[in-house]
Every structure is written in structure tokens, then in C-alpha cells.
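User: I have a model open on my screen and would like to talk it through with you. Could you take my questions as they come?

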Amino acid sequence: MHTGSAARGPKPLRQRRVRPRFWLLDFYGSAVGKKAVMAVTGILLLGFVLAHMLGNLHLYEGSEKMNHYGEYLRTIGSPILPHSGALWALRTGLILALVLHIHSAVTLTLMNRQSRPVGYKGGRDYLAANYAARTMRWSGIIIAFYLLFHLSDLTWGTGIAATDEFTRGEPYQNLVASFQREPVAILYIVANVLLGLHIYHGAWSLFQSLGWANPRFNHWRRGFAIVFAAIIVVGNVSFPVAVMTGLVE
Ligand code: HEM
């Protein structure tokens with residue numbers, strides 16, 4: 001008499017079940033994926049920094065225009081969206097882009113270190129890597145600290161950077177009061193020059209990261225990176241300089 005299991009034949013070997021991972025996570029796990037994420041989030045952040053600088057040019061139109069612009073940003077989409085609804089959607093996207101930008105940069109650095117534990121013999125090839133490229137990590141870290149200082153100063157109005165005069169809804173007065181503190185104005189200038197270096201190299205290398213690196217277009221890429229970084233630096237540095245020189249009061 002056959003037993004039930006013998007009739008069904010030998011039991012197949014139990015196979016280890018490999019849980020399929022979502023393809024996007026697999027992609028992000030590779031160096032190519034991390035570079036692509038860094039480039040795409042970098043493009044979003046470049047868009048924000050340009051729009052922010054252009055918006056801040058309202059400073060030169062006086063208090064009423066600038067404060068009105070600040071309020072306008074909070075009313076975009078109303079009455080369909082609640083007050084500040086669109087602004088919060090934008091903030092959420094921006095925070096997500098920033099977190100992914102930093103995470104991909106940090107994990108890519110760790111990945112590179114693991115695959116090259118000994119380091120470069122005789123140091124890095126400093127001839128090939130220009131100054132902006134070599135300082136990407138440091139400029140990135142300093143910009144992150146600057147951003148926290150800046151938010152405390154002009155958005156939250158509390159913490160080490162804020163002035164006693166901070167009033168919500170009055171960005172013009174807040175900005176002037178902040179830059180009337182000379183060390184703070186100088187800190188903004190230094191941070192924005194560093195930001196310019198970061199943007200210059202980022203805007204240049206994002207084409208490479210996305211696979212658009214035909215050497216025939218190298219001079220266009222360099223030209224774009226220089227012009228974009230220069231526009232941001234000149235615009236942003238002009239604000240503290242305008243307050244320090246009394247052009248804006
Ligand atoms: C000198 C240059 C800059 C000036 C004068 C400036 C000015 C301002 C002002 C006045 C606000 C508050 C706006 C409001 O509440 O209505 C603000 C917010 C902000 N700034 Fe700047 N900014 C400068 C550079 C930058 C840079 C370089 C970055 C990014 C790296 C940046 C990121 C932000 C962010 C994320 C906010 C918060 C936006 C929000 O959530 O409402 N700013 N800035």
C-alpha cells in the first residue's frame with residue numbers, strides 16, 4: 001500500500017524565497033541610480049534657488065511690494081486650496097528633494113570609499129578635478145548649516161539667528177534688520193559664494209550623471225554652469241551688500 005506522500009513523489013527541495021524588490025529601490029541601490037537621483041533633485045533645487053533669488057529682487061521695489069509678494073505666495077491656488085496650501089505642497093517637494101539629494105550624496109561617497117579602501121596613491125588627481133569639484137562635499141555641508149541658520153533668521157524667526165525685531169508677514173523689514181548686523185551680512189555673502197561654487201560644479205556634472213556627456217557639447221555645459229552660478233551669486237550677494245551700503249533701508 002502506498003502512503004500518500006510516496007504517491008506524490010519526492011518532495012522538492014525547499015528553495016529560499018527571494019523577495020522581489022521594487023525596481024526603483026534596486027536602481028537607487030546602484031551608483032548609476034544614486035547619481036541620477038542626485039542630478040534630478042539637483043535640477044529641482046536649482047529651479048528653487050533661481051526662483052527664490054528672482055522673488056527676492058522685490059526687495060528693490062520697497063517694503064510694500066516685497067511684503068505683498070510674500071503674502072501672494074501664501075494665497076496661490078485660493079479659494080480652491082486652503083491658505084498656504086500650494087506653498088506647503090511646494091515645501092514638501094523641496095524637503096523631499098533636499099533629503100534625497102543629501103542621502104544620495106552621502107551613500108554614494110560611502111560606496112566609493114568601500115570600493116576603493118586604500119585611497120589614491122600619492123593623493124587624488126588634483127589636476128583633473130578642479131577646485132569646485134574637490135570642494136563639493138565641504139560646500140554641501142556648509143550650505144546645509146547655512147540653510148538652517150537662514151530658516152531660523154528669516155522664516156521661523158526664533159533660534160540663534162533671528163533678530164528681536166522679527167515680525168511674521170514682513171519679510172522686507174526682517175531682511176533689513178537681519179543684514180544690518182554686519183557679521184550676519186558677511187556670513188550670507190560667504191555662504192552664497194560657496195553656494196555658487198557648489199552650483200557651478202553641480203550644474204556641470206548633472207549632464208554627465210544623466211548620460212548627456214558628448215564632448216562636443218562640453219563648452220555649452222561649462223557656459224551654462226558658469227552663467228547659472230554667476231546669476232545666483234550676483235543676485236544673492238547683492239541683497240546683504242544693498243543693506244550694508246544703505247541702498248536699502
Ligand atoms: C542673500 C540671499 C537670500 C535672501 C535675501 C533670502 C531671503 C529669504 C526670505 C526673506 C525668506 C522668508 C520668506 C517669507 O517668509 O515670506 C526666505 C525663505 C527661505 N529661503 Fe531664502 N534667501 C536667500 C538665500 C537662500 C538660499 C541660497 C537658499 C537655499 C540654499 C534659501 C532657502 C530658503 C528657504 C528654503 C526658505 C523657506 C521658504 C518657505 O518655506 O517659505 N534662501 N529667504
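Analyst: What follows is a conversation about this model, which is predicted.

User: Let's begin with the overall fold: how many helices and strands are there in the protein chain?

Analyst: The protein chain has 10 helices and 0 strands, and along the sequence the pattern reads α-α-α-α-α-α-α-α-α-α.

User: And what share of the residues counts as buried?

Analyst: Of the 249 residues in the protein chain, 32% count as buried. As for contacts, if one takes those with a separation of 6 or more, 68% of them are between residues 24 or more positions apart.

User: Changing topic to helix H8, which of its residues are buried?

Analyst: Helix H8 spans residues 171-179 and is mostly covered, since 7 of its 9 residues are buried, and these are Tyr172, Asn174, Leu175, Val176, Ala177, Ser178 and Phe179.

User: Take Ser63 on the H4 side. What does Ser63 touch?

Analyst: Leaving aside residues up to four places away in sequence, Ser63 touches Tyr172 and Gln173. Ser63 has its place in helix H4 and is partly exposed, with a relative accessible area of 26%. The C-alpha atoms of Ser63 and Pro171 are separated by 8.3 Å, although the two residues are 108 residues apart along the chain.

User: Now the hydrophobic part: which residues have the most contacts inside the largest nonpolar core?

Analyst: That core has 19 residues, and those with the most contacts inside it are Leu59, Tyr172, Leu175, Phe179, Tyr188 and Val248. The elements giving two or more residues to this core are H7, H8, H9 and H10. As background, nonpolar side chains in soluble globular proteins tend to be buried together.

User: What does Leu59 touch?

Analyst: Beyond residues up to four places away in sequence, Leu59 touches Met66, Tyr172, Leu175, Phe239 and Val248. Another core, of 15 residues, lies apart from the largest one and includes Val49, Leu195, Trp204 and Ala229.

User: How many aromatic pairs does the structure hold?

Analyst: The structure holds 9 aromatic pairs. In one of them, the rings of Tyr146 and Tyr188 have their centres 5.4 Å apart and their planes at 85 degrees, so this pair is edge-to-face. Tyr146 is in helix H7 and Tyr188 in helix H9, so the pair ties together parts that are 42 residues apart in sequence. Tyr146 is buried, with a relative accessible area of 14%, and Tyr188 also counts as buried, at 3% relative accessibility.

User: Which residues do ring pairs link into a cluster?

Analyst: Ring pairs link Tyr146, Phe149, Phe179 and Tyr188 into a cluster. Elsewhere, Phe224 and Phe228 form a tilted pair, 5.7 Å centre to centre and with 50 degrees between the planes. Both lie in helix H10, 4 residues apart, which is about one turn of the helix. Phe224 counts as partly exposed, at 35% relative accessibility, while Phe228 is buried, at 14%.

User: Last topic, charges and rings: which ring does Arg222 lie over?

Analyst: Arg222 lies over the face of Trp204, at 4.3 Å from the ring centre.

Conventions. Residues numbered from 1 in each chain as written. Predicted model: local features only at pLDDT ≥ 70, side-chain atom pairs only at ≥ 80, totals over all residues. Heavy atoms only, no water. Buried < 20%, exposed > 50% of the residue type's maximum accessible area, 1.4 Å probe, protein only. Phe/Tyr/Trp six-rings, centres within 6.5 Å; stacked < 30°, edge-to-face > 60°. Lys NZ or Arg CZ within 6 Å of the ring centre and 35° of its normal. Core = buried A, V, L, I, M, F, W, Y, C linked by side-chain atoms within 4.5 Å. Contact = heavy atoms within 4.5 Å.
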